[in-house]
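Dear colleague,

I am handing over the structure below, and I would be glad if you could look through it with the notes that follow it.

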Amino acid sequence: MGPGPRLLLLLPSTTYRAAAFVEAARRLDVELTVVSDHRSVFATREPASLATFDFSNPDRAAEQAAAFAARHPVAAVAGVDDDTVVLAAAIARALGLRHNPVEAARAARSKHRQRVLLRDAGCPVPAFRLHRLDQDPRAFAANVPYPVVVKPLCLAASRGVIRADGPADLVAAHAILREILAAPDVATQGEDARHYLIEQYVPGPEFALEGVLDGGRLRVLALFDKPDPLDGPYFEETIYVTPSRLDGAAQRELAECAERAALALGLVTGPVHVELRRNAGGPWLIELGARSIGGRCGAVLRFGAGAAEMSLEELLLRHALGLPVPTWERASGAAGVMMIPVPAAGVLRAVKGVDAARAVPGVDDVVVTAHPGQTLVPPPRGAQYPGFIFARGASPAGVESALRAAHRCLTFDVSSGGD
Amino acid sequence: MDREIRITAEPVDGARCRFLTSEPLLDGARRFASAEAAVGSPLAEALFAIEGISEVLVSGGTVTVTKTGNTPWQVTGKEVGAAIRRALASGAALVAPATAGTAAEDEALYTRVADLFEAEINPAVARHGGFVELLDVQDGVVMLRMGGGCQGCGMADVTLRQGIERALRQQVPEIAGVVDVTDHSAGSNPYVTASKK
């Protein structure tokens, strides 16, 4: 029997998800090529297994992929996060593989283009307006319909997202955003780093829908409640718990909204992660990404049961490769994750209480991803969580309680000085 | 007064979990692939007595346990922790030396793997400030620990599976597997730090 199909897995070097996707690919017995933006020290030795493409230029990456595929035929391409959405589509187009159209991927990746398309398709999105960063906000601050949310176009994890309830707030938020967008890691984003959105603030609880588009049809994998209010001024994500405690009709309403939005963007296949709010006006689409849930949060989702239980990453790779997906049903019970909030600005010295947190009934794991000596930056300037807490249980309320109890066990030793 | 033994559980995935102990368990490393292989090693015997345990790897102060079945680590981990505590409290030798027949074959593999580490693997990872320590080869399974820039690096698993393991399988095709026992959470200077949501 010959080797299995070859998968190009696009892994930015800063992803949290390398291990999860690599292990999933190993379970599937596929020929795996990890493609990254930074050259591996083994790239010369293992050219079929490790490749380096230009992640900043999808067209160039597509050329590199075509050259690679001429030597090593490729069956599928999969990205793992926002940064690889357009890349994966461009590479798939160049190789003639099943994927989303490049224009749809670009629309999903661009916060502004996405909103224009969704608004024009009649999807319920907050009113928005694009602004140039170099425009003085004092020139229009008096005419803005507050409350609003200031949003950068090119950042993730709520970095730079700030609520403004009046002109003074808006001017202050603009100043912070300018500072963030001038950072070296962001300034390379070109036009996206020179513009931002001012968007109507939509009150109400927020939800996250995890799904897979399969031939243009949305399969909902999980709907998460976000029990901590996200009212601003900053929007740091904390707890996700599934299944949602919303009633069935409300859940269907959110799923229909998400599916309609995905199709309006032209997406037809692969993962979607959708942030929605819901209030008396019904569902509101806040963000849609053509990617799966980020960070380490994917570990909260398991599918099937027994020996056939599989991870979210395995399910996604099976779908990308056109392999059978034994089940789309999430493992039974409630599950949740807490993205541990940044406790303070400064240098992390130590994290205490991890054992006690792990011992909390219902807690599956506590993962501290920040390392001693790492600088912690709280929102709105930061984008790194110091860690994650995972829990499972019989009910969403029990899972939420376990996550909060475990978090209370943790103590972060953070020094503010730059010693 | 009883000494306090601290044990930290770190699930690797649904099947594997590392248990880091505050006391050393073994000078070196030893892998047990079955209950039969564990006979004579009290720690491994105690762990195989727990339902679903299919592999035990003891290295320094770390025990890496593999299980089958759906019992969450939250449950199995408590039994494993209790077994480790009991074994440590007994004061007896925890792990017996490997049997001579297998040891001879593994010894030969060890030498070839060590040569590859010295000639290719470590010079390569050193370019990113990392190093890889060969702990042992047992039953054909290579046990290693990553350090420096590799410890806690977001791409450590890519380096391990796509680089180190492939090189090993090409140069030493007799190996049965590669196990990383690194405590990646303790890495203080990883080459790449994950940062995206």
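In this predicted model, strand β1(B) is joined by five bridges to strand β2 (residues 16-21) of chain B, and the two run antiparallel. Within this pairing, B:Thr8 has B:Leu20 of β2(B) opposite it. Both strands belong to an open sheet of five, whose order in chain B is β1-β2-β5-β4-β3 and whose pairing is antiparallel. The edges of the sheet are taken by β1 (7-11) and β3 (26-32) of chain B, each of which has a single partner strand, so that one side of each remains without a neighbour in the sheet. On average, and ignoring direction, neighbouring strands here are turned by 20 degrees against each other. Helix α3 (residues 73-90) of chain B lies across β1, β2 and β5 (62-67) of that chain, and its direction makes an angle of about 145 degrees with β1(B).

A word of caution belongs with this part of the model. Although chain B has a mean pLDDT of 85, with 92% of its residues at 70 or more, β1(B) is where confidence in the chain is lowest, at a mean of 77, whereas helix α5 (residues 156-171) of chain B has the highest, at 95. For the complex, the predictor gives an ipTM of 0.79 together with a pTM of 0.85.

Turning to chain A, there are eleven helices and 21 strands. The radius of gyration of chain A is 21 Å, close to the 22 Å given by the globule rule for 419 residues, and chain A is therefore as compact as a globular protein of that length. Along the principal axes, its C-alpha atoms fill a box of roughly 70 × 55 × 50 Å, and 52% of the 419 residues of chain A are buried. Of the contacts in chain A with a separation of 6 or more, 68% are between residues 24 or more positions apart.

Leaving aside residues up to four places away in sequence, A:Ile91 touches A:Leu8, A:Ala61, A:Ala62, A:Ala65 and A:Val77.

With best regards

Terms used
Residues numbered from 1 in each chain as written. Chains lettered and ligands numbered in written order. Predicted model: local features only at pLDDT ≥ 70, side-chain atom pairs only at ≥ 80, totals over all residues. Contact = placed C-beta atoms within 7 Å. Pairing = 2+ DSSP bridges. Helix = DSSP H or I, 4+ residues; strand = E, 2+ residues; numbered from the N terminus. Axes fitted to C-alpha atoms, helices over the stretch in contact; angles between N-to-C directions. Rg over C-alpha atoms; globule rule 2.2 N^0.38 Å. Buried ≥ 20, exposed ≤ 12 C-beta atoms within 10 Å, placed from the backbone. pLDDT = per-residue confidence, 0-100.
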